[in-house]
Structures are given as structure tokens and as C-alpha cells.
Protein chains: 2
Amino acid sequence: MGEDMTEVRIIPVVGVPDVRPGDDLPAQVVTAVGNENLQDGDVLVIAQKVVSKAEGRLVSGTDRLAAARSESARILRRSGDMIISETRHGFVCANAGVDESNVEGEHVALLPLDPDLSARRIRERIRHLTGVEVGVVVSDTFGRAWRLGQTNVAVGVAGMDCFVDYRGTFDAYGKELVATRICAADEIAGAAELVMGKTKRICAAIVRGANVRPGRSSARDVVRPIDEDLFR
Amino acid sequence: MGEDMTEVRIIPVVGVPDVRPGDDLPAQVVTAVGNENLQDGDVLVIAQKVVSKAEGRLVSGTDRLAAARSESARILRRSGDMIISETRHGFVCANAGVDESNVEGEHVALLPLDPDLSARRIRERIRHLTGVEVGVVVSDTFGRAWRLGQTNVAVGVAGMDCFVDYRGTFDAYGKELVATRICAADEIAGAAELVMGKTKRICAAIVRGANVRPGRSSARDVVRPIDEDLFR
């Protein structure tokens, strides 16, 4: 979507109100951004937490671990009061993505039932409201194997290719690149985190100028098939 | 280093010449950027490949696997002609970070002996040349467990805190955040990849406005200690 040699801008979306079940989240985002400030090819990154809230994916009670177990397709490891599990979507993360931060009162938020569908609906609604074609990334904060700290990654994607695939292309010296396929969707989710933070009520960002292609891939395409996964 | 609510810019550094052993890489970057275009608080992200070239970390011959073995402290998995190993720095990645892409002729590039030291030297040299205090991230392209595709991560860091640590702070609803510590250095490395690519000879980018603090942490601080790592 961007052009070579141009910079990428990561623009925080400020002013989305507290999101409640049933809210028209894309309309809230469009109002906050301002109709005229969205451009074809922008990628809207939106935090899973507000998508889950708008979809009513909240459960009351403080037993996060019970909710995490119930949201897990498979438990991979346990560590203290945390589990690392595979969600029904195939994502491997802590507590099946269930958590209570930035959720009001005694509730925990679950991941959307189908975050790719959530992303597609947000994209369609924004097109309906503004006529603008954006890519959408629903992002969540995941830990990683081998490295400390978390980064934001894509759990739902619409209107863009998750990957920039260099396999079969040639580097600056004419050597064929045989293995390089960048997960741009995850890099975009992480880039957006740099302006979203955790304590500022900024639940969305626009990434403008990133070198991603329009496409139909989904965040489930990022899930490494179990039989190709050497670390489980 | 940035302020709340402001956007983050990812600016490609265009015009760094082909880097050769012994080159003054920071001076090449400063010339390409233009002295007046660096600002205090910018993070300069620079590809490991050019750092390795400038440091002469090239070996001739096409036996990448032998070089990868020799660069490994520990081999974790094998898959075809690839190994996944732990480097002497502690990083877990394919082929101990040894690869031949974007290297001239029949050579492969190894990771710098001490990429944090490389980052500190680049930072000091830039300060000497320009008077500007930048953070430096030396980035490389790593695969991940569980997720397909690679992302750029930090293998060397200087002049900034790798993490934005929310533990003990409070979310928008006053709930204490108990586990969230974002690895901003990796998110910044990934964000920079969005403008660097693999085939355009753009080996560096400036990330401006990211919410990172000055600090003395190093990329080795991102390595998860073996006894805390559940996925080996």
C-alpha cells in the first residue's frame, strides 16, 4: 500500500469513548479519527480488548483461570497461576488471551469468537461509513518463547496480506531469497502498540505507508500448523 | 522519548553505500540522513547485516550450516538443512543468525560478536559526529515459535530501555497491571522493517516519537533465562 522510500506514520486514534457491548465500534473510531483523515491503504489497528467489549465477550467473576481453561483448545504449559495454551483459533498465548486489564469492574474479556470476522466487519463498516478501503488488524499483547516481554501481534486481519513474501525474489546482489517471508501484520500490530500503550485509553492507531498489499489473508494464516511447529 | 498522543514516524535512511569491512558505518548513516535531520530521542534502527559487514564478520565459502554450527552455543532443533539454535549471545534463531542474503559473492555473514557493544559504539560515534543523543537498535530477522513468517527483532541495543514496564501501574479503570512489560525494542525493530525491506538496500531507519525511555539496558536483557523458559 505504501510506496518505496516513503516514511511510515503511526497515528494514534484519540477520543474513542469507553466501549460497551453492542456499540458501533467502527463508527466510534471514524468519529474519533475524523472522516477526512482516513486514506485508502491505511491500516487501522484496533485493540482486541475494545473489539471484545463491543461484541459482548465479557464474563463476570474473577476466576480468570477457569475462563482461560474454558477458552483453551489445548494447554501447553502451566506456570504458577498462568497457563500457556492454544486457543480455539490456534493462537498460543498466556491464559488463552483472557484478561481483566482495561475492563471495568469484576469482568474479564475473552478473545472475539472469530477475530478475522471481527476485522472484516470493521473494514466493511468503515467502507460503508466513509468509502475508504482500509486494512484492519485486531491486535493483542502476547508473550513469546525465548524472549522476555510481550509485543502486540495480529489476532484478526482483513483487507490486506499478512505477509510480505520475498521467497523467489532477489536481494540487492542478485541472490535468490529462499526463506524470507515477513509477517508484516505482526510488525504493524507491534508498531501501533508504540502509540497505544496500556494506560492512555488509546485503543486504535492508523498505520500509513506500510508496504503491505491488499489481500484476503487472515490472522489464522499466521498460525503455524502443528505438524510444522517444532516448539510445543 | 516521545510524548503522549503524538504520532510515531518511521523514516527510511536512504543512500548508505555498500558497506565493507572497516567502514565507518555511523558516519555513512549520518551522511545519508543529513546531520540536521537527527533529533535527540530518535531511535536509529540498523540492520545487523551492515553492522556485521562493517565489523568484518564475514566468512567465505558456501557451507552456511558449518558456520551456523560453529556460531551456536546449543542446538535446539533440526529441520532439513536448517538448525534452530541458541547463539553465544543467548538468542534462539535459525542457523545462529548466519545467512548469505544481501552479502556479496560467496560469503556468509555472522552476527556481530557483541551486538550490544556494536550498538553502543554506533551511538557514541553518532554523538561524537553530531552531538545528538539517539537510541540504537541493531535488528535482525528472526522466526518465531507458533507463528509463521519472520519479524525483525532487536539483537543489540544502546541508549534506551528495551522495555516499557507497566507492572505496578494502573490501567484506565484503576486496576493494577501485574504482568505487562512490553518489549518496545522488538516492536521498534519490527516497525523499522516496514520501511527497510529486503531488496531495496535500505539498511537503516529512524523511529521518531516512540514512547521509550533513555536507559542502559541491552538486547541481552531480552533473552529469557533458560530456567524461566518453558519452550526449549
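## Basis and a buried loop residue

Contact means heavy atoms within 4.5 Å. This is a predicted model, in which local features need pLDDT of at least 70, side-chain atom pairs count only at pLDDT 80 or more, and totals for chains, interfaces and linings use all residues. Side-chain values use heavy atoms, with hydrogens and water left out, residues are numbered from 1 along each chain as its sequence is written, and chains are lettered from A and ligands numbered from 1 in the order in which they are written.

Leaving aside neighbours within four places in sequence, Thr180(A) is in contact with Val164(A), Asp165(A), Tyr166(A) and Arg167(A), and also with Gln150(B) and Lys198(B). Thr180(A) is found in the loop between β10 (163-165) and β11 (181-183) of chain A; helices (H or I, at least four residues) and strands (E, at least two) are DSSP runs, numbered from the N terminus. Thr180(A) counts as buried because its relative accessibility is 14%, where buried means under 20% relative accessible area, exposed over 50% and partly exposed in between (1.4 Å probe, protein chains only).

Glu86(B) lies in strand β5 of chain B and, at 8% relative accessibility, counts as buried. Beyond four places in sequence, the contacts of Glu86(B) include Arg74(B), Phe91(B), Ile226(B) and Arg232(B).

In helix α3 (residues 64-71) of chain B, the buried residues are Ala67(B), Ala68(B) and Glu71(B). They lie on the same side of α3(B), because they cover an arc of only 100° around the axis; the arc is that of the directions from the helix axis to the C-beta atoms. Among the elements covering them are β4 (72-79) and β5 (82-87) of chain B.

## Nonpolar cores

A nonpolar core is a set of buried Ala, Val, Leu, Ile, Met, Phe, Trp, Tyr and Cys residues joined through side-chain atoms within 4.5 Å. The largest has 130 residues, and Ile46(A), Ile188(A), Ile46(B) and Ile188(B) have the most contacts inside it. Apart from this core lies another, of twelve residues, including Val92(A), Trp146(A), Ala145(B) and Phe231(B).

## Cavities

A cavity is a set of points, on a 1 Å grid over the protein atoms alone, where a 1.4 Å probe fits but cannot get out; lining residues have an atom within 4 Å of a point. The largest cavity is lined by 27 residues, of which Arg144(A), Thr151(A), Arg144(B), Thr151(B) and Val153(B) are the closest to its centre.

Definitions and conventions. On a 1 Å grid over the protein atoms alone, a cavity is a set of points where a 1.4 Å probe fits but cannot get out, and a pocket is an open set with protein on both sides within 12 Å along at least five of seven lines; lining residues have an atom within 4 Å of a point.
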